[in-house]
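Here are a few friendly notes to read alongside the picture. Keep the structure open and look up each residue as you go.

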Amino acid sequence: MCRNIRTLFNFDPTATDGEVRAASLQFVRKISGFTKPSLANQEAFDRAVTEVTAAARALVDSLTTTAPSKDRAVEAAKAKARSAQRFGA
């Protein structure tokens, strides 16, 4: 369930709000055990996603590093090559 949680810090361009929200949604799904909550839990679930998104955005925006930014396309190609080697292409 958490495979979509990716590192969001130190990329150029910076993580979009959509990427931060997607990671937050996966995190809340994991800790709640719900992929889709019931109507009785929907409000609490949505509130948690909103709060985690805000916290994650604040964290990513406040972190600093002296390392050069990573390129998204290059990192994606590396991940694809690792996957092909691991599972066969």
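Is Glu19 buried, partly exposed or exposed? Glu19 is partly exposed, with a relative accessible area of 29%. Here buried means under 20% relative accessible area, exposed means over 50%, and partly exposed lies in between (1.4 Å probe, protein chains only).

1. Before you start. This is a predicted model, in which local features need pLDDT of at least 70, side-chain atom pairs count only at pLDDT 80 or more, and totals for chains, interfaces and linings use all residues. Residues are numbered from 1 along each chain as its sequence is written, and side-chain values use heavy atoms, with hydrogens and water left out.

2. The core. In soluble globular proteins, nonpolar side chains tend to be buried together. In this model the largest nonpolar core has five residues: Leu8, Ala15, Val20, Ala23 and Val60. Such a core is a set of buried Ala, Val, Leu, Ile, Met, Phe, Trp, Tyr and Cys residues joined through side-chain atoms within 4.5 Å.

3. Leu8 and its neighbours. Leaving aside residues up to four places away in sequence, Leu8 touches Ala15, Glu19, Val20, Ala23 and Val60. Contact means heavy atoms within 4.5 Å.

4. Glu19 again. Glu19 also forms a salt bridge with Arg72, with the closest N and O atoms 3.3 Å apart. Glu19 belongs to helix α1 and Arg72 to helix α3 (residues 72–87), so this pair ties together parts 53 residues apart in sequence. Arg72 is partly exposed too, at a relative accessible area of 25%. A salt bridge is a side-chain nitrogen of Lys or Arg within 4 Å of a carboxyl oxygen of Asp or Glu, and helices are DSSP runs (H or I, at least four residues) numbered from the N terminus.

5. The structure holds five salt bridges. In one of them, Asp17 pairs with Arg57, the closest N and O atoms being 3.1 Å apart. This pair links distant parts of the chain, with Asp17 in helix α1 (residues 17–32) and Arg57 in helix α2 (residues 39–62), 40 residues apart. Asp17 is exposed at 56%, while Arg57 is buried at 16%.

Methods: Helices (H or I, at least four residues) and strands (E, at least two) are DSSP runs, numbered from the N terminus.
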